[in-house]
Amino acid sequence: MSFIQVRDLSHGYTAGGFFSKRHRVHVLDGLNLDLEQGQSLGLLGGSGSGKSTLARLLMGLENADQGSIVFNGQPPFLQSVQMVFQDALSAFNPQRSIGWSIAEPLRHLSTMSTESCKARVEHLLQQVQLEARDIDKLPAQLSGGQLQRAGIARAMAIGPQLIILDEALSNLDRVLQVQILDLLAQIRRDSGTGFLLITHDLSLVQRFCQRVVVLAEGKLVEDMPVTPQMRFTHPAARTLQEAVLPAMPRASKVYRETAIL
Amino acid sequence: MKHTLTIRDLTLKHQQRTLVDRVELTLKAGQVHALVGASGSGKSLTSLGILDLLPPGVHSSGATLLLDGIPVEAAHLRGREVALVLQNPRSAFNPVRSLRQHALETLQTRGLGGAEAEQLIQTTLHEVGLHDDQRVLDSFAFQLSGGMLQRMMIALALLADSRFLLADEPTSDLDVVAQARFLDLLERLVEQRNLGVLLITHDMGVVARCADRVSVMANGRIVEHAGVHELFNAPQSKEARTLLAAHHSLTLEGCAP
């Protein structure tokens with residue numbers, strides 16, 4: 001029995017209106033997805049393929065035009081699914097401390113007392129390897145990598161069953177990306193939280209996920225377990241796979257260098 | 001033909017703090033020279049320092065620029081011999097001017113105008129892969145994607161007939177597919193137009209893909225100069241090893257725990 005069931009999901013937006021004719025843009029078109037509990041799933045897709053739309057629907061931030069999303073037999077609820085956003089700085093209230101922001105889900109979704117909230121935030125900060133004194137800092141006082149960790153702490157606060165990372169690592173450099181993926185793998189092992197990693201970068205999926213799906217033309221065009229030798233067959237998925245940068249420089253560079261010298 | 005651009009003794013200070021310390025770089029025509037380092041190591045300031053486009057409060061203390069061994073002023077280089085491509089293309093364009101006006105303005109500095117200019121703009125846009133040239137030229141920066149704007153930046157550099165290109169994290173804001181296309185374009189221009197490129201990046205994948213030589217920067221200093229194969233096979237500095245370790249953990253193992 002899967003933990004999330006997405007059935008025949010279709011969704012779109014109305015575009016234009018002010019200077020141009022209004023028209024409907026179809027983003028998702030009859031999408032089906034089953035998610036296992038505690039699984040880390042990679043959702044790959046090019047720009048504009050509808051990755052973020054799917055995330056918003058899973059979060060319950062929007063209602064789908066057609067189709068259904070069911071979590072353990074119930075509609076989506078913030079207690080069971082939380083999200084980490086791409087732009088960490090704009091995802092935090094600039095006038096409030098990090099500790100206040102991390103405790104926000106606890107204030108709205110739990111009945112914890114102020115003291116136990118504070119203890120929980122301190123524990124969370126420790127889990128994401130931030131320092132206890134960061135609790136009183138403002139978002140602008142943290143670096144991009146630190147702030148993204150705080151975003152993860154906030155998503156973990158209420159103990160959700162699924163955390164959606166919507167391009168949450170794309171703005172960080174490689175060294176930070178690896179550090180945060182290792183941290184997330186640790187959290188997954190410790191707490192059994194499932195993750196949905198939304199990205200256009202296959203190398204992140206290969207590092208972190210157990211299963212990968214590729215979104216193109218409003219549907220899932222690939223669905224397979226992550227292995228070192230996996231090969232996509234759908235053209236849109238092949239494009240993403242071929243765009244991955246090489247691990248080592250090509251041998252032919254040597255010839256070019258010597259030709260110039 | 002201009003063949004080398006040498007930067008000697010570039011030191012940048014903010015009040016008493018040294019941000020960039022005696023950086024030396026040589027760019028060669030037909031080669032991609034990568035400048036890598038962690039966030040905050042002074043990579044971007046170096047590129048701005050070369051063209052003397054420093055933010056307020058940052059001062060350069062007497063760097064020497066040599067074009068084929070002859071000393072030159074930064075003001076004579078920028079927008080002419082040397083073009084700059086920035087990370088966030090949207091903020092690099094004037095938001096209230098169409099891209100056609102940007103292109104015409106660039107050609108004006110070379111004394112070109114009229115039908116000749118129109119023709120040159122059209123062929124250059126095709127060269128960088130913007131085939132829908134009239135629509136692009138009539139657009140404003142906010143109406144185009146990041147990948148298209150980065151191509152337009154390159155087109156402007158070609159229109160200015162620049163021999164050297166300073167590219168500061170040109171692909172960090174692009175998705176992997178747009179990134180691959182942009183790097184294809186860059187490699188083609190280096191080969192066909194004999195362009196000399198300084199490519200600033202923190203992604204060793206980009207370096208592996210298209211660099212010939214690499215300088216590694218840390219705390220405002222260049223800590224290692226090497227050929228790209230030398231660097232990947234036998235990195236000397238701690239910073240290079242850190243960058244390569246992160247890169248390889250994402251590319252070589254290639255499997256979830």
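Two strands pair if DSSP finds at least two bridges between them, and the strands (E, at least two residues) and helices (H or I, at least four residues) named here are DSSP runs, numbered from the N terminus. This is a predicted model, in which local features need pLDDT of at least 70, side-chain atom pairs count only at pLDDT 80 or more, and totals for chains, interfaces and linings use all residues. Residues are numbered from 1 along each chain as its sequence is written, while chains are lettered from A and ligands numbered from 1 in the order in which they are written.

**View 1. The open, mixed sheet of chain B.** Six strands, in the order β7-β8-β9-β3-β10-β11, make up this open sheet in chain B, and their pairing is mixed. At the edges you'll find β7 (82–85) and β11 (221–227) of chain B; each has a single partner strand, so one side of each is left without a neighbour in the sheet. On average, neighbouring strands are turned by 15° against each other, direction ignored (axes are lines fitted to C-alpha atoms, for helices over the stretch in contact, and angles run from 0 to 180 degrees between N-to-C directions). Look inside the sheet for β3 (residues 32–36) and β10 (residues 213–218) of chain B, which pair in the parallel sense over 4 bridges. Ala34(B) sits opposite Val214(B) in β10(B).

View 2. Strand β5 (residues 64–67) of chain B pairs with β1 (residues 4–14) of chain B in the antiparallel sense over 4 bridges. Here Arg8(B) faces Thr64(B) in β5(B). β5(B) also pairs with β6 (residues 70–72) of chain B, again antiparallel, over 3 bridges, and Leu65(B) has Val72(B) in β6(B) as its bridge partner. β5(B) and β6(B) form a hairpin with 2 residues between them, and Asp68(B) in the turn has a positive phi of about 50°.

**View 3. Helix α7 against α8 in chain B.** The axes of α7 (residues 146–159) of chain B and α8(B) come within 10 Å and cross at roughly 15°. That makes the two helices roughly parallel (angles under 35 degrees count as roughly parallel, over 145 as roughly antiparallel, 65 to 115 as roughly perpendicular and the rest as oblique). From α7(B), Gly146(B), Gly147(B), Gln150(B), Arg151(B) and Ile154(B) meet Ala178(B), Arg181(B), Phe182(B) and Leu185(B) of α8(B); residues are in contact if their C-beta atoms, placed from the backbone, lie within 7 Å. This contact splits into 4 nonpolar, 3 polar and 2 charged residues (Ala, Val, Leu, Ile, Met, Phe, Trp, Tyr, Cys and Pro count as nonpolar, Asp, Glu, Lys and Arg as charged, and the others, Gly among them, as polar).

**View 4. Helix α2 against α4 in chain A.** Over in chain A, the axes of α2 (residues 98–109) and α4 (residues 144–156) come within 7 Å and cross at roughly 30°. α2(A) and α4(A) are therefore roughly parallel to each other. Ile98(A), Ser101(A), Ile102(A), Glu104(A) and Pro105(A) of α2(A) make the contact with Ala150(A), Ala153(A) and Arg154(A) of α4(A). By type, that's 5 nonpolar, 1 polar and 2 charged residues.

**View 5. Where chain B touches chain A.** The contact takes 34 residues from chain B and 33 residues from chain A. On the chain B side, the elements giving two or more residues are α8 (176–193), α9 (204–210), α10 (228–233) and α11 (238–251). α11(B) supplies the largest share of that side, 8 residues. The chain B side divides into 16 nonpolar, 14 polar and 4 charged residues.

How values were computed
Two residues are in contact if their C-beta atoms, placed from the backbone, lie within 7 Å.
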